[in-house]
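Please take a moment to look over the sequence and the structure shown here, and then follow the explanation below step by step.

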Amino acid sequence: MTSRRLFCKAITTIGVGSLLFAASSAEAQRNYPHKPIALVVTFAAGGGTDVVARIAAKHLSKELGQPVNVVNKPGGNSIPGAMSVMTAAPDGYTLLFDSPATSSLHTLVNDLPYKVDQRTWGPLVASGPYIYAVNAKSPWKTLKDLAEAGKRDPSSIEIGWLGGKSFTDTTMLKFLSVAGIDASKVKKVPFAGAGPAIVALAGGHINFSGGNIGSATSLIASGDVRALAVSGDQRAAILPDVPSSVEAGIPVPLTGWNAISGPAGMSPKIIQRIDEAVKKIVKDPDYIKELSAVGNVATYKAPSEMPSYVASEVKILREVEASLAVTKK
C-alpha cells in the first residue's frame, strides 16, 4: 500500500472516530443524567450548607431520575473540595453545591489554584441568614450584651473559627468590627465546619459561634443553644422571636446562599436540564417547607444571573476585608 493510500486511510479512520465520539457525546447530553450525580459540599456533615444540600439533593433526585449524592469534602478553606469539582470532567456528574465560601470569598484568596470565574454556573436554589449564637447557659442574653463583654475583654470571647476565609468567619469578623471588639485578641478555636462548631458551643467548649442558620436550628430547639440574632435586616421565619442584626443594633449586611455549579466547559444542554429541575423544586411545597424548617428560603436565580450576583457580593466582601486587618490572621 502506498504512503498516499495509507495517509488517506488514516484520515478516514480519524474522521469516522471523531464523528462517532461527537455522536456519543451528543447522545450522552440528550440522555443526561443516566447515572448518579456527586454533589460536593466543602463543609463537614451537619453544617448549614450540608443540611440544605441534602434537602436539595433529595428533591433533585426525584426530578432528574437519578440519585444525587452529597459528598462532603471539608477543610482547607473549601479550596480542596472546590478544586475536586473544577478539575473534574465537565459531564455534569460532579457538581459543586456552591456558596459564598467557594465563589466570592475565593476571589480574596491569593494564589488560588483555579480562577473563580472559570466554572459553569447553574441556578441558585436557596438562601438564608447567618446566625449569632451562644450556649443556653451563657450570661449574654442579647447581641449587645456580648458586644459589651467583648469590648471590655476581647480575650473572653471564644469563637468557632473555620480558617479565616469562610463566609461564617467573614460574618463573624464583620460583627466584631461593627461591635467595636478587637478581633485580634478574640480566641479563635479551629473547626472543620459550622456544624462541629455549633455542637462545641452546645457543649460549652466555646462561648460564641456563627454559621448558616440551618446548622443551629436543632440545637436551638433542644434548648442547648441560644440565638442572639441573625444577619441581615430580616428575621428568619423559623426563629420569629430572634431579632435581625439591624434590630439588634449591630448590622451585618451579609446573608448566605447556595447554588449549583460545575467545571468550565459544561454543555448548555446539561445546565438547561439542571435548571429545569431547580425551577420545579423551588416551587414544590415540600421543598419550601423543608428549607423553612432549617431557616432557609427556596430562592431561584437563573445561571446567567449568577456571575453578576457573585460580583456584587465580592464588592461588599472587599470592603469588609479592607476594614479588617485581622481577616488574614
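This is a predicted model: local features need pLDDT of at least 70, side-chain atom pairs count only at pLDDT 80 or more; totals for chains, interfaces and linings use all residues.

For the protein as a whole the mean pLDDT is 88, and 89% of the residues reach 70 or more. Residues 20-24, however, have a pLDDT below 50, and this stretch makes 0 contacts in the model beyond its near neighbours in sequence.

With that in mind, turn to helix 6, which runs over residues 194-202 and in which A194, G195, A197, I198, A200 and L201 are buried. An α-helix has 3.6 residues a turn, so residues three or four places apart point the same way. Keeping this in view, you can trace the buried positions A194, A197, I198 and L201, which are among those of helix 6. The elements that cover the buried residues of this helix include strand 4 (119-135), strand 5 (158-161) and helix 5 (167-179), together with strand 7 (209-212), helix 7 (217-221) and strand 8 (225-230). Just after helix 6 comes G204, which takes a positive phi of about 80°.

Is G164 buried or exposed? G164 counts as buried because its relative accessibility is 2%, and the cut-off for buried is under 20%. Although G164 and N77 are 87 residues apart in sequence, their C-alpha atoms are 7.6 Å apart in space.

Further along, in helix 5 itself, lies T170, which is also buried, since its relative accessible area is 6%. Which residues does T170 touch, when those up to four places away in sequence are not counted? The answer is L105, L254, L317 and V320.

The last stop is the largest pocket, which has a volume of about 280 Å³. It is lined by 18 residues, of which G128, P129, R235, G295 and V297 are the closest to its centre. Strand 4, helix 9 (285-292) and strand 10 (297-301) each supply at least two residues of the lining, and strand 4 gives the most, with 3 residues. Sorted by class, the lining holds 7 nonpolar, 9 polar and 2 charged residues.

Note on methods
Residues are numbered from 1 along each chain as its sequence is written. Side-chain values use heavy atoms; hydrogens and water are left out. Buried means under 20% relative accessible area, exposed over 50%, partly exposed in between (1.4 Å probe, protein chains only). Helices (H or I, at least four residues) and strands (E, at least two) are DSSP runs, numbered from the N terminus. Contact means heavy atoms within 4.5 Å. pLDDT is the predictor's confidence in each residue, from 0 to 100. On a 1 Å grid over the protein atoms alone, a cavity is a set of points where a 1.4 Å probe fits but cannot get out, and a pocket is an open set with protein on both sides within 12 Å along at least five of seven lines; lining residues have an atom within 4 Å of a point. Grid points are joined across faces, edges and corners, and a volume is the space filled by probe spheres set on the points. Ala, Val, Leu, Ile, Met, Phe, Trp, Tyr, Cys and Pro count as nonpolar, Asp, Glu, Lys and Arg as charged, and the others, Gly among them, as polar.
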